[in-house]
Every structure is written in structure tokens, then in C-alpha cells.
Amino acid sequence: MTSVLERELTALTSAARRYDARHRRISRIAWPEGKRMAVNFTADFDAMLLRRLLNEPPMQLAKGEFGGRVGIWRLIALFDSHGIKATIFTPGRIRELYPQALRAAHASGHEIADHMWEHHVPRDMQLELDHLQKTGAALSSIIGRTPVGTRSDHSLSLLKQEGFIYTSHECADHLPYYLSDADNQNEMLNLPFHYAIDDAMFYSFAWLGSGNAAQRITDTDRVFDMWWEAFLQQYHAGGYLNVCLHPFVSGRAQRIDMLDRLITRMKAMPGVWMPTCETVARHCLAVHP
Amino acid sequence: MPWKDGYTISGETSLLDSEVRWPGEQRCCFSITVDLSVASGPEGITEADLASPKTQFGLREGLDRVKDALDRFGLKATFATPAVMARVQAHTLRVLTQEGHEIAAEGFRHEDVSALSREDEAERINLTTSVLSDITGRRPEGWFSLPRQGDKFAGGTISPRTMDLLIDAGYAYFGNGLADDIPHYWVTDAASGRSILTMPYYYHYDDQFFLLFPSKGTGLEHADSLFRNWRAEFDAQYRRGRHFHMTLHPYASGFGHRIRLLETFLQYVSGSPGVWNETASAVIKHWRGLDPAPRLEPSIWRDYPGSLS
């Protein structure tokens, strides 16, 4: 009996250590001269693609369509009015649905980055590479080069091979950190985003297939207060915040107004740096390789 | 657009704020839907739904309180009415019509039609249209499919044929679409431009998703949050000069603290200069003059092996 428990103890300890070994933390980031924290505004622009992939009904598709017709344009205008350079993570297929919006975002100096080909990563690695390359080609027809960032579970080995320098899809630390794959290979910088700083968690009914009993949709005053506190905590720590928005969610008029108030208040603090994810990633790679 | 069947229902971009105009140079449009359905789930109104104290409250006191609130501020609303409720509340519908409110259709029993045959769905549309016409003396111009509390999604359910059938049946508009926050075209055939105008709907301005929702648990009454949502969205739309829309259920908003919050909100809106409040059919009539046809561009979508088509 004791030996069985001892084996379990060893196995569990080793699982924790193996996972820990895949992460290389940066204990403190030296931001550029005069900056004490970085804030990335990111938009996952998939409009109705995920709804379509999950075979959701017509009204759900229409709800997503709002992001392409209306929401993305309002986010671009909001970021431009504040001189913020944001990162738009977009599935390659969006180029065939909303090319005007992608061109406008690029023309304003926002980063266009990968969010999978059609919002999922195929299990077959050959098809996965095909999807990654299709997205690269679709986005380079807008931005003139292949993207260097992704928000996805794409294999780090393929991302490295295709020239990606960062990913942004999980939160094992407040600060950007290096992440390796299960074989401890293909280390890549991750710009963490936390689900508490994700608009869909507060406003999007039935998010990620959740049932009715799980819904507590709320209002912008509550979210403003939470996000402001999250910002302040990292501001005082000299840290990092990634604000994850969805054009079909945050593009609604009152939410744009809330973000406008939030950004205005953030900008009033000295030393807040709001560039694209790519700029933050290149800084981290240069200063904390 | 680029248009893509099965993905999108309208053009690539909405109208800019500066392109949106309201009659008499009014600044912002304000429309109200009152949902007279008492269906709790996708099967539509059942005998159990009708024989419940919640429904009794909605039919009597709740409706009186909501009507009082509308009357107090001189506001018009569109009442989305299933054929079943039209029969149950025939007298009420006649009074509402006389008072200048609009009666629109909301299914036979406000059921989920997504799995019905074309013939079955068409028959239900025709029967509902004639039941409402007989009672109010005028043909309904709008058709709603509002969500029910027990639905999987908070957008309302339609079939792939609904919009086409509504066009065939002569409806001027569909009442609750989510692809925009102003009226917009729901296109059923991109090549011919066949389409139906659609009024905007969003569940964040619908009382049923904040007032004792979900149905079981603790701390599920969020009237304060609903009120803040209404006010913040109205402020934002008023500033843009677009459109604010809210959906009310008499069984929900007609009670106690909730009706007080509703009155406070309606007073706030009524005190804002340049608000154009009308029924959905009047808004649609105006829209047809402003924006006469959908703006579509040819599809640039391609099919690839290994991808969704």
C-alpha cells in the first residue's frame, strides 16, 4: 500500500516538475526608458466564424456578424482616437469576409496577427501546417508580410518554422514568459491574457458552449471597476496587462464608451506604454532573451 | 459584402453614424418591444405556462403597470404576440391598437420552428397572420422570434426558411436581428437582392435575462445591472445619433422595484431632447426611404480542401 502511494507521489511530483520546466519566467521586465508598464489591447476578430464552426443556429451567426459590420470599425476608431496601436488576431478566412476592415486596421498601424485559419487547429500536423500557411498568405495580402504573432494552440514547432516570434494564449504568469512544448523544445515568448480581462466572459451569452444555468451577463460599470483595479495592480508592480476584446462583443456602443473612459484614465497615469503585441514581444526578446 | 451564404446575412459594413437620419432631424430613435409571449422554452407556450401565477401576473397587473409607464411618458411600443396569446388577450390587443401601439406576430405559440418542414412553417405563419388580423382588424407588418428564457441561445430561433416565408407572406420586417444596432437587411438571396428589413435586438437590453435569471440559484436578481445597461447604451446611441432598443416582458418588468427602475429610465429618455419614439413598423417605413436596398458586393470566398465550405 505504502509503495503504491509512494509511486503516486513520485508521478504527481514529476508531472508538476515537467510542466514547470516548460516555463521560463521573467522576474522583472525592464520596460523602455520612461515606461513603467505595458498594456496590449487585443481584438480576436473572428466575427461569426467560430459560431459557424460549432454549427450554431442563424441568430448566433448574426450576433457574430455584428463584429464584422459594426464592431471592428468602432474598435479601430477608438484605438486611433487615443493613438493606441492594437493587435487584431484574426482567422485567415476573415480576409474573404471583411477585407475592408482588415485593410483599415493595417492602414492605421495596428498589428494583424494569426488567429488560426478558421478558428481551430487541425489534429493532423500536415493539415495544421496547411492552415497556418493559408492564414499567412491571406494576411500577407493585406499587410505585405506574414504575421509574427498568434493567439492559438498551434504547435510551437510549426510556429517557429513559419517565423512566428510570439504567442498570446494563456496566463501562467502576469508578465510575458517563455513557453516550451511537451518535449521541452521550441521555446517561444507568450504574452499572457487572463480570462478575467476578456469581454466575452462578462457579456457573451452561452460563451464556449456554457449552459443557461451558467449565465450572469453584466454591465459595463462593473467591468470598468474590475479592469481598472487589474490595471492599477500591474501599474504599481511595473508589469503587463493584455486586454482581450471581441469586436462582436465590445463593439456594442456602450462598451466602446466604457473602453474610452478606461483608456482615458489609464493614459492619465505617467509611463503607460500601449503599443502592439509585436512591439512588446520584440522588446522582451531583445532585453530578456 | 463580400457576401457568403451560410455565414453572413447582410453587407460588409453598417451605415456610418453620419448616414443615419431620423424624421424631423430628431437625434436618436428609441423603440420598445413588449413581448406578450409566456413561453418558457423552445416548445413554445404550453398549458402549464398559461396556468401559472407568473403568467397571471403578466396578463393582468404586470401589463397594466407597463402600460401605465408607457402612457405616463406618452411612449409607443410594438407588442410581439403569438397567435395563442392574441386569442387569450383579444380585448387587450384591440385596446392597444386603438391607443396607437403596434401589434406584431410572434409565431403560433412562440415555438422553435427550426426543425419544421417548409409546409408546416408556412401554415403556422398564415394561421398566425389571420388570427392577428381578425382580432386587430389590420394585418401584422412585423414578425418576431424573440428568445425564451429556456432557450440554449439568447437570440431567438428561426429556420433556414423563415425569412423567405415571411417575405412570401408579405411581412414588411423581421423584429429581432443581432447583426446590427440599427435596422438592416436580412438577405435571403444575394444574386437577386431578395431581403427583408430587420429591426435590431440585443439580449443585454432584454429584461428577462437579468430578472431572476437563470431560473434556479441564488442572487439572480439583477435589476440594477439591467438599468445600468439600458442607460449606458441609450447614452452611447444618443451620442452617436443611432437607435436604442429595449425589450420588456410584463410578467418581469411589471413588478415592484423593477417597474420603478423602468419608470426612472423612461423618464430619463423622455427628458433627452430629440428622441424619436415610434413603433417598429413606423421605424421600418422611415428606413425604407433612407436605405432602400442592401449594399452587397460579390463573394470572394473560395472553397479549399480541408476547410469549411
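Which residues point one way from strand 3 of chain A, and which the other way? To find out, select residues 87–90 of chain A, which form strand 3. This is a predicted model. A:Thr87 and A:Phe89 point one way, while A:Ile88 and A:Thr90 point the other way. All four of these residues are buried.

Look for A:Thr42, which stands opposite A:Thr87 of strand 3.

Now select residues 111–114 of chain A, which are strand 4. Strand 4 of chain A also pairs with strand 3 in the parallel sense, here over 4 bridges. A:Ile112 in strand 4 is the bridge partner of A:Ile88. To see how the chain gets from strand 3 to strand 4, show residues 99–107 of chain A: the path goes through this stretch, helix 4. The β-α-β crossover made in this way is right-handed.

The last stop involves both chain A and chain B. Select helix 10 of chain A, residues 253–267, together with helix 7 of chain B, residues 223–240. Their axes lie 7 Å apart, and the helices pack at an angle of about 90°. An angle from 65 to 115 degrees counts as roughly perpendicular, and therefore helix 10 of chain A and helix 7 of chain B are roughly perpendicular to each other. On the chain A side, the contact is made by A:Ala253, A:Gln254, A:Ile256 and A:Asp257. On the chain B side, show B:Ala232, B:Glu233, B:Ala236, B:Gln237 and B:Arg240.

Key
Residues are numbered from 1 along each chain as its sequence is written. Chains are lettered from A and ligands numbered from 1 in the order in which they are written. This is a predicted model: local features need pLDDT of at least 70, side-chain atom pairs count only at pLDDT 80 or more; totals for chains, interfaces and linings use all residues. A residue is buried if 20 or more other C-beta atoms lie within 10 Å of its own, exposed if 12 or fewer, and partly exposed in between; C-beta atoms are placed from the backbone. Helices (H or I, at least four residues) and strands (E, at least two) are DSSP runs, numbered from the N terminus. Two strands pair if DSSP finds at least two bridges between them. A crossover is right-handed if, with the strands pointing away from the viewer, the path from the first strand over the helix to the second runs clockwise. Axes are lines fitted to C-alpha atoms, for helices over the stretch in contact, and angles run from 0 to 180 degrees between N-to-C directions. Angles under 35 degrees count as roughly parallel, over 145 as roughly antiparallel, 65 to 115 as roughly perpendicular and the rest as oblique. Two residues are in contact if their C-beta atoms, placed from the backbone, lie within 7 Å.
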